[in-house]
Amino acid sequence: MKAYVHVYLKRAVLDPQGKAIAHALHELGYKDVKAARQGKMIELDIADGLNKEQAEESIRKMCEDLLANTVIEDYSITLEAA
Amino acid sequence: MQTVKILVFPGINREHDIAHAFTRIGNAKADFVWHKDSTIGKADMIVIPGGFSYGDYLRCGAMAANSPIIRDLKDQAAKGVPILGICNGFQILVETGLLAGALLRNNGLKFICKHVFMRAEGAADLFTANITKGDVLRVPIAHGEGNYYAAPDTVKHLNDSDLVAFRYCDANGAVTPESNPNGSVENIAGIFSDNRKILGMMPHPENAIDAFHGGTDGIRLFEGIAAALAA
């Protein structure tokens, strides 16, 4: 099973990289962009044998332990059957 | 003689600077402890120096905060052993949860390497024996992620409990937006833990102890720590 973990700054936290990206897009003429936020995506290859709920619970723990810093970041988990 | 244990992770690069500061000014014995060791040993103070542990992968300090030695660091912190974290060391301490908040990318996105002024804000006997509230010290910073952030209720707690150690300021000690190099909330450059036994700071006082550093204001900090530890 593949898992895609998206980690991104909380809304309340200023994202200077996202601001720079939005600015660059405007410079290129993409005036439709109102704002940009940057995050990261971590792709996990999960061993067989876990069902979706078990995998999600395990990954949630990984996020809390390491993948996200919940002081500043939120995360979302997307699972994809192999 | 006091013993200072300096934790070393792959990618840390200021360990000899801090050892020099403690041995020359603090008249202490400085031992290095490798991140894969399981115990730090008896220490009068534990120091986590600056650098780029694990290449800043994932988040600054995130990998180091999950190293084998961190378990003992947390045990020692619980016993009240003093801990000083500078730059990457500060980032590691917030990632372990021993200090509040987080350090974000500088708001200007640039790595900043220059001298700044910081004003002493709070008192902690261990760290500020030689520094009075309001004193202004000129010290260098060298970081890309030094933008201190904490949720508003955490910032309020730091302020109300006098746990802000240093704020960026101008040469006269005025805390202004212009003197904030990296966007840190309320110009915060360093903080104490609730029990005032842990200090984390982004500026490098260990690189302000020799005339050739371009300044010697850091000496006062290390003299104060040495006196407090010896007392």
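Helix 2 (52-67) of chain A and helix 3 of chain B each give at least two residues to the lining of the second largest pocket. The model is predicted, so to speak of local features requires pLDDT of at least 70, side-chain atom pairs count only at pLDDT 80 or more, totals for chains, interfaces and linings use all residues, and side-chain values use heavy atoms without hydrogens or water. Residues are numbered from 1 along each chain as written, with chains lettered from A and ligands numbered from 1 in written order.

The volume of this second largest pocket is about 180 Å³. Its lining has 14 residues, and Glu64(A), Asp65(A), Ala68(A), Asn69(A) and Glu95(B) are closest to its centre. A pocket is an open set of 1 Å grid points where a 1.4 Å probe fits, with protein on both sides within 12 Å along at least five of seven lines; lining residues have an atom within 4 Å of a point.

The largest pocket holds about 500 Å³ of space. Of its 25 lining residues, Gln17(A), Lys40(A), Glu73(A), Leu58(B) and Arg59(B) lie nearest the centre. Two or more residues each come from strand 1 (2-9), helix 1 (16-27) and strand 2 (39-45) of chain A, and from helix 3 (88-96) and strand 5 (102-104) of chain B. Helices (H or I, at least four residues) and strands (E, at least two) are DSSP runs.

Technical notes. Grid points are joined across faces, edges and corners, and a volume is the space filled by probe spheres set on the points.
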